[in-house]
Amino acid sequence: MKSYNAHTHKIPDNHIGIFHSDGKYTASLFSVGVHPWDTEMKSVKEIIPAINHPNCRAVGEIGLDRLKGPSMEIQRAVLLDQLKLSNELKKPVIFHIVRAWDEFYSYIKPHQNTPWIIHGFNSPKQYSQILQTNVMLSLGPSSLKNPHMQSILKQIPLNRLLLETDDTLIDIVQVYHDFSIATGHPIGVVYSQIEQNFLAIFGT
Ligand SMILES: [Zn+2]
């Protein structure tokens with residue numbers, strides 16, 4: 001069974017994954033974007049060559065972070081530029097959202113024309129609202145470890161789910177395994193549904 005990793009900071013060796021590229025790496029599937037923390041020192045122009053590469057399967061991680069990074073005004077402007085780009089290039093978007101959920105929801109209707117993924121979803125209080133959107137939830141090691149997420153993990157419809165390792169060194173196989181244990185979904189079911197979701201969003 002093949003494992004699929006929706007967001008990783010380590011170049012995948014034994015599985016298929018979307019590597020978070022700085023724009024220089026293009027050798028396997030990757031995403032590229034100006035992270036909200038970097039919106040003051042990095043410009044959207046810098047990611048343009050990489051974003052047009054056929055291995056670039058998503059714009060990200062991009063978003064809003066109220067706890068870290070430049071002012072919301074700067075973050076917002078850079079985010080909106082990149083959302084425009086994602087729609088022009090028809091690329092999915094991988095989001096980093098911290099304490100800016102209302103603003104995120106307000107962008108769905110005017111700006112979402114491709115699949116959107118919340119990476120490292122770990123906000124139990126947002127679950128019921130996000131379920132009403134068509135945004136995908138990608139879970140990583142910290143989501144699976146969070147005691148407040150446990151009852152939610154079992155409720156997430158499998159067709160809305162992706163798995164990731166993010167910036168950890170944990171094997172993606174372990175993330176599949178931990179998700180299966182936490183939810184009671186048979187591991188084979190998890191593998192086949194994630195494969196279907198991943199390929200539908202990022203292609204092969
Ligand atoms: Zn990350």
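Residues are numbered from 1 along each chain as its sequence is written. In this predicted model, local features need pLDDT of at least 70, side-chain atom pairs count only at pLDDT 80 or more, totals for chains, interfaces and linings use all residues, and side-chain values use heavy atoms, with hydrogens and water left out.

Student: Which residues coordinate the zinc ion?
Tutor: Donors are N, O and S atoms within 2.8 Å of the metal (3.2 Å for Na, K and Ca); water is not among the atoms, so sites may look incomplete. Here the donors sit at 2.1 to 2.4 Å from the zinc ion. They are His7 (NE2), His9 (NE2), Glu61 (OE) and Asp166 (OD).

Student: Why is the arrangement around the zinc ion irregular?
Tutor: Four donors count as tetrahedral if all angles lie between 85 and 135 degrees; four count as square planar and six as octahedral if opposite donors are over 155 degrees apart and all others between 65 and 115; anything else is irregular. The arrangement is irregular because the four donor atoms subtend angles of 82 to 164 degrees.

Student: Is His9 buried, partly exposed or exposed, and what is its relative accessible area?
Tutor: Buried means under 20% relative accessible area, exposed over 50%, partly exposed in between (1.4 Å probe, protein chains only). His7 is buried, at 0%. His9 is partly exposed, with a relative accessible area of 35%.

Student: What is phi of Asp166?
Tutor: Most residues other than glycine have a negative phi, and most peptide bonds are trans. Asp166 lies in the loop between β8 (161-163) and α7, and counts as buried at 18% relative accessibility. Its phi is positive, near 55 degrees.

Student: Which residues does a cis peptide bond join?
Tutor: Look at strand β4, where Glu61 is found. Helices (H or I, at least four residues) and strands (E, at least two) are DSSP runs, numbered from the N terminus. With omega about -5 degrees, the cis bond joins Gly60 and Glu61.

Student: Which strand gives the most to the lining of the largest pocket?
Tutor: On a 1 Å grid over the protein atoms alone, a pocket is an open set of points where a 1.4 Å probe fits, with protein on both sides within 12 Å along at least five of seven lines; lining residues have an atom within 4 Å of a point. This pocket is lined by 18 residues, of which Glu61, His96, Val98, His119 and Asp166 lie nearest its centre. Three lining residues come from strand β5 (residues 93-98).

Student: What do the buried residues of α3 pack against?
Tutor: The buried residues of helix α3 (residues 101-111) are Trp101, Glu103, Phe104, Tyr105, Tyr107 and Ile108. Contact means heavy atoms within 4.5 Å. Their partners are β4 (56-65), α2 (72-89), β5, β6 (116-118) and α4 (127-131).

Student: Is Lys90 buried or exposed?
Tutor: Lys90 is found in the loop between α2 and β5. Its phi is near 55 degrees, a positive value in a residue other than glycine. At 69% relative accessible area, Lys90 is exposed.
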